[in-house]
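I opened the notebook to record what I looked up, element by element, in one model.

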Amino acid sequence: MTAGPPHCIVLGVIGADCHSVGNTILDAFFTDAGFKVVNLGVMVSQDEFIDAAIESDAKAILVSSLYGHGEIDCAGFRGRCIERGLGGVLLYVGGNLVVGRRPFAEVEAKFKAMGFDRVFPPGVDLDAAAALLRADIEEAAHARA
Amino acid sequence: MPAPRWAVCVDIGSTFTKGAVFGFEGGVGRLVARAEAPTTTEDLARGFETVRKEVAARARAREPGFSPGEAAVRFSSSSRGGLRIAAIGIVPDLTLSVARLAAASAGGKVVKSFAYTLTAADVAALEALDPDIVLLTGGTDGGDEKHNLANAAALAGARITSTILYAGNRAARDAVVEILAARNCIAADNVMPEVGVVRVEPAREAIRRVFLRRIVEGKGLAALAAALGTDPKPTPLAVYEMVRALSEECPEWRDVCVLDIGGATTDCYSAVEPFRGEPGVVLHGIREPRLTRTVEGDCGLRVSAEALWESGRALIERELAAAPPEEAAAFAAHIARVTERPAQAPASAEESRFDAIMARACAALALKRHAGAMRAVYTAGGKAWVQRGKDLRGVTRAIGTGGYLARNAEDDFLARALAALAPEPEERFLFPEAPVLYADRDHVVPLIGSLAAEWPREAAQLLAARLRPVAEGVERERDRRP
């Protein structure tokens, strides 16, 4: 655990996606792992993620997408963050991001090109993800200092 | 604390000062006498005394046992058009929207809102308005501080006499108060401590205290408050407390809304579960409290008639379309006339008919802005609905109050106003579904309201007994039709 107040992160399932089970698990897990979680639930728009991150001064936005339309829903997300003054926020995305069986490396490259800092497949070790998230947040803080 | 044997209640409105004597026997209340007189704007105490004496004389005539010395005196005031508040938040859909909610529920009128960081032009606009209160919010607790610090610095240099109420991120509170040390600055708990969580009570209480200081200054109210040993309430706060008491104390009035159609504003109050949580419906944005008030400054029958003609034009023109063409010109003339002479009651059948059209437009617009809506979203799992704002479908009873409705207690304005709001296929407005409309025939809602915080049960039961459903009038009207 790091000293000081917990890092704040915003969590939600993007687009017209109602899958709530994974979202509930992520909320409980990251809260237990010492993060301050702002969970927006399901069917969240890009602007709602950004609104919540602005008010809560979140260091990262974790976007879930389970229904295969992640590419369309996430298009332009980084640009929107920049436009709204959140250019430096960490963007994570994970889930069943695209329809069909495409190699994960391809999916990861696509979403990184869209401005996401980390891309996760459906099955992921959450402890490892939390460690990455903490390291990324602290690195970003150092870079700003 | 048991209810007093007698209560004298006075409401100082912008046009009329109204008074009533209520009697309480074993906790059961009754209206003993009612009186009103024009408001004396240069010295409010004069109109107050006229009404108090008149209503006491009438009470004595009716009940010789009435003794003014034994009566509790409570009063409210909406003079000066209420408290003018400028709201500042960060994100329009989050803290700014909650700030507006807090201002309205305290009985204030939001004259301007600002999102994100104040610009030089925003500060100039604030200086021109010089509102009674600047409500500065922003950030969840532990969240964003930089917008608040920048806005505090901008306010520190602004040429305004306003009280600045800080109700944002508590982590920035000390710094904001320090930046504004040379100004009249007070602080209250954050109105949105977590994203989507609304907590307006502490800010509301702070606004009420500022109201007392501001409203009591001058115009004779300070001396009056000192002589009576009781402070005035903002009239909308008295009504707000009335709605709370009614909803909490009388089970059949649990889910209620009140439409107060006045000369300058239309106020809508509701006490109802804001989100039902039905399957397939997701709530987005803030979850509003059970009890809320909204106030529409462009919906009024007199002072705001011109503004209503603008905002409600589509609704009004639809009603006029059914009438002969000369009716539209006559309506425009009516708007000009009532704007010029706001104290005048309608003098002809035509004027009454026009007032009725305006009242329906006020009700429709105020409800549309008070109520939330659901939008259809097509998901992989089928159709789902996203709700924003407050669900009023659970409202079973509605109360119409205000001078117009006291004169036209048989006007079932609500059913017609709701019918005028055509549904849209992919959007559902969350209006009350077939509520029973009750008329405040004696215009006692604000008067009993001034007792509601201290004696909620007695006040609620007294009001419930005074209200009559309008449906009987509707049936009579239906019978009259050819």
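Below are my entries on the helices, their packing, and a few residues in loops and a strand.

**Conventions.** I note that this is a predicted model, in which local features need pLDDT of at least 70 and side-chain atom pairs count only at pLDDT 80 or more, while totals for chains, interfaces and linings use all residues. Residues are numbered from 1 along each chain as its sequence is written, and chains are lettered from A and ligands numbered from 1 in the order in which they are written.

**Helix α6(B).** For burial I used the count of other C-beta atoms, placed from the backbone, within 10 Å of a residue's own: 20 or more is buried, 12 or fewer is exposed, and in between is partly exposed. By that rule Ala203(B), Arg204(B), Ala206(B), Ile207(B), Val210(B), Phe211(B) and Ile215(B) are the buried residues of α6(B). Seen down the axis of α6(B), these buried residues fall within an arc of 160 degrees, so they line one face of the helix; the arc is that of the directions from the helix axis to the C-beta atoms.

For α2(B), residues 92-105, the 14 residues should span 20 Å at 1.5 Å a residue, and the end C-alpha atoms are 18 Å apart, which agrees. I found α2(B) mostly covered, with 12 of its 14 residues buried, among them Leu94(B), Val98(B), Arg100(B) and Ser105(B). Gly107(B) follows α2(B) and has a positive phi, near 95 degrees. Helix α15(B), residues 445-452, is also mostly covered, since eight of its eight residues are buried; they include Val445(B), Leu447(B), Ile448(B) and Leu451(B).

**Packing of α12(B) and α14(B).** I then asked at what angle α12(B) and α14(B) pack. Helix α12 (residues 349-370) and helix α14 (residues 413-420) of chain B pack at about 60 degrees, with their axes 8 Å apart; axes are lines fitted to C-alpha atoms, for helices over the stretch in contact, and angles run from 0 to 180 degrees between N-to-C directions. That makes α12(B) oblique to α14(B), given that angles under 35 degrees count as roughly parallel, over 145 as roughly antiparallel, 65 to 115 as roughly perpendicular and the rest as oblique. The contact (C-beta atoms, placed from the backbone, within 7 Å) involves residues including Ala359(B), Ala363(B) and Leu367(B) of α12(B) and Phe413(B), Leu414(B) and Ala417(B) of α14(B).

**Packing of α8(B) and α16(B).** Helix α8 (residues 235-249) and helix α16 (residues 456-466) of chain B pack at an angle of about 90 degrees, with their axes 8 Å apart. The two helices α8(B) and α16(B) are therefore roughly perpendicular to each other. Among the residues that meet are Met242(B), Ala245(B) and Leu246(B) in α8(B) and Pro456(B), Ala460(B) and Leu463(B) in α16(B).

**Ala384(B) and Met43(A).** I located Ala384(B) in strand β16 (residues 382-388) of chain B, where it is buried, with 20 other C-beta atoms within 10 Å. Leaving aside neighbours within four places in sequence, Ala384(B) is in contact with Cys18(A) and Met43(A), and also with Gly280(B), Val282(B), Val377(B) and Thr379(B). Met43(A) sits in the loop between β2 (36-39) and α2 (46-56) of chain A and is buried, with 22 other C-beta atoms within 10 Å. Its phi is near 55 degrees, a positive value in a residue other than glycine.

**Loop residues.** Arg287(B), in the loop between β13 (281-284) and β14 (291-296) of chain B, is partly exposed, with 14 other C-beta atoms within 10 Å. Arg287(B) and Val198(B) are 89 residues apart in sequence and 6.8 Å apart in space, C-alpha to C-alpha.

Notes: Helix = DSSP H or I, 4+ residues; strand = E, 2+ residues; numbered from the N terminus. Contact = placed C-beta atoms within 7 Å. Expected span 1.5 Å × (residues − 1).
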